Amino acid sequence: MRRNEKYLKLFACCLVIKGAKNILLLDVQRGKTKQLPLSMYYFIEDAKTLSINTIKKKYKQSIDVVNEYIHFLIDNEYAFIIDEHELSRFPHLSLEWDFSSNINNAIVDVYDLNNYDYKTVINQLNELNCFSIAIRLFSKINKQDIISILKELNHLSYRAIELLVDFDSFGKKEAFVNLTKDFPKLISLNIYNFSLNKTERYGVSKCIVTYSTKKSISDKDCGAINVKYFTPNIKHFTESLYYNTCLNRKISIDVNGEIKNCPSMQKSYGNIKNTTLEEVLNKLDFKELWNIKKDNIKVCQDCEYRHICTDCRAFRDNPNDIFSHPAKCNYNPYQAKWKGEEGYIAVTEMTEEEIKIIKEGNA
């Protein structure tokens, strides 16, 4: 009688991202991640096709490690054990990505409300079925004008609103709390020029309110890569497999009305005063950066965090190379260390030969 083999099966929502030194086990259902040694990657790969007994025979010299891996995955609800005849009952999670409109999100930067007609921008974006809009106010704006902007947005089809504003525009913390109650589409409220740094949640929609002691903000402040900006969900993961997670289906208008991929970038495709957003969308070169995914970018392609990280093409180690590593990233995937950790070395300080040796040693 043929023996009924047992197999270790990862839950469909648990995905593995391989880096140069470590892997990231990503649970897109619970929005959690776990950094694990690279040896776990090869074990998980074997488990896709080999029974537990076959794996143990293959690694009989490291049987204790194999048992440790099995117990870890099961105890933490990343995997479960099934019989061989049950394998076909557990299909893989679909990793396709799509979005219903040509523009998913937009950034509208404002220094002076008189620089251009922001209502024109808001209405044009609405006609393009823009899902999410971020309004960044880089100077103290009259609170009634801010409320007018939010009211305008609230009556249109936007599903999510983000606002960056000077604390002195309202002057009272309670006023910002009221904003989250009055405008449920407000999902993110970033307040600078405050007395301390902290993050809270307000309102029915649990709007994330971030207070900062920075006295001023500009478009040069974007592009930072940090754990707190990671997005461990299925939407972000699948989009990153095919597109740039910052620029894909994004359009931006800077403080002067210039229409760009990102306000921090130099290239303009026209000014909102004499060019419509739809005209810019129809320009083929405007969409070129949308397709630069993390697997195309130097260093990022070797990072275990790449599919939950947001990419920046505005600030790069090599400004002349569009595929260059983000300049504001302080993680070294070849060491698996963040800046500030003991022994950390910036990627820019490593030679190509050193990186090659590490990658070949872990292959």
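Reader: Is tyrosine 7 buried or exposed?
Author: Buried means under 20% relative accessible area, exposed means over 50%, and partly exposed is in between, using a 1.4 Å probe and protein chains only. Tyrosine 7 has a relative accessible area of 8%. That value is under the cut-off of 20%, so tyrosine 7 counts as buried.

Reader: In which strand is the place of tyrosine 7?
Author: This is a predicted model, in which local features need pLDDT of at least 70 and side-chain atom pairs count only at pLDDT 80 or more, while totals for chains, interfaces and linings use all residues. Residues are numbered from 1 along each chain as its sequence is written, and side-chain values use heavy atoms, with hydrogens and water left out. Helices (H or I, at least four residues) and strands (E, at least two) are DSSP runs, numbered from the N terminus. By that numbering, tyrosine 7 belongs to strand E1.

Reader: How far is tyrosine 7 from isoleucine 81, by their C-alpha atoms?
Author: Along the chain, tyrosine 7 and isoleucine 81 are 74 residues apart. Isoleucine 81 is also among the contacts of tyrosine 7, where contact means heavy atoms within 4.5 Å. Other contacts of tyrosine 7 include Ala47, Leu50, Phe80 and Leu87. From C-alpha to C-alpha, the separation of tyrosine 7 and isoleucine 81 is 5.6 Å.

Reader: How many of the residues of H1 are buried?
Author: The buried residues of H1 are Leu38, Met40, Tyr41, Phe43, Ile44, Asp46 and Ala47. They pack against several elements, including strand E1, helix H2 and H3. H1 is mostly covered, and the count is 7 of its 10 residues.

Reader: At roughly what angle do the axes of helix H1 and helix H3 cross?
Author: Axes are lines fitted to C-alpha atoms, for helices over the stretch in contact, and angles run from 0 to 180 degrees between N-to-C directions. For H1 (residues 38-47) and H3 (residues 63-75), the axes come within 11 Å. Their crossing angle is roughly 80°.

Reader: What does that make H1 relative to H3?
Author: Angles under 35 degrees count as roughly parallel, over 145 as roughly antiparallel, 65 to 115 as roughly perpendicular and the rest as oblique. The contact is made by Ser39, Met40, Phe43 and Ile44 of H1 and by Val66, Tyr69, Ile70, Phe72 and Leu73 of H3. With the axes crossing at roughly 80°, H1 and H3 are therefore roughly perpendicular.

Reader: How do the residues of the contact of H1 with H3 divide?
Author: Ala, Val, Leu, Ile, Met, Phe, Trp, Tyr, Cys and Pro count as nonpolar, Asp, Glu, Lys and Arg as charged, and the others, Gly among them, as polar. Under that scheme, the contact of H1 with H3 has 8 nonpolar, 1 polar and no charged.

Reader: What is the angle between H4 and helix H5?
Author: The axes of H4 and H5 (residues 143-154) are 11 Å apart. H4 is roughly parallel to H5. Residues of that contact include Tyr118 and Ile122 of H4 and Ile149 and Leu153 of H5. The angle is about 20°.

Reader: How many residues has the largest nonpolar core?
Author: A nonpolar core is a set of buried Ala, Val, Leu, Ile, Met, Phe, Trp, Tyr and Cys residues joined through side-chain atoms within 4.5 Å. Leu163 is one of the residues with the most contacts inside the largest core, and leucine 163 touches Ile135, Ile146 and Leu186, among others. A second, separate core of 38 residues includes Leu38 and Ile44. The number for the largest core is 57.

Reader: What is the phi of asparagine 193 near?
Author: Most residues other than glycine have a negative phi. Asparagine 193 lies in the loop between strand E9 and strand E10, and is buried at a relative accessible area of 15%. Its phi is positive, near 65°.

Reader: What percentage of the residues of the chain count as buried?
Author: The chain has 9 helices and 15 strands. Its C-alpha atoms fill a box of roughly 80 × 45 × 45 Å, taken along the principal axes. Of its 363 residues, the buried share is 48%.

Conventions:
Lists of a residue's contacts leave out its neighbours within four places in sequence.
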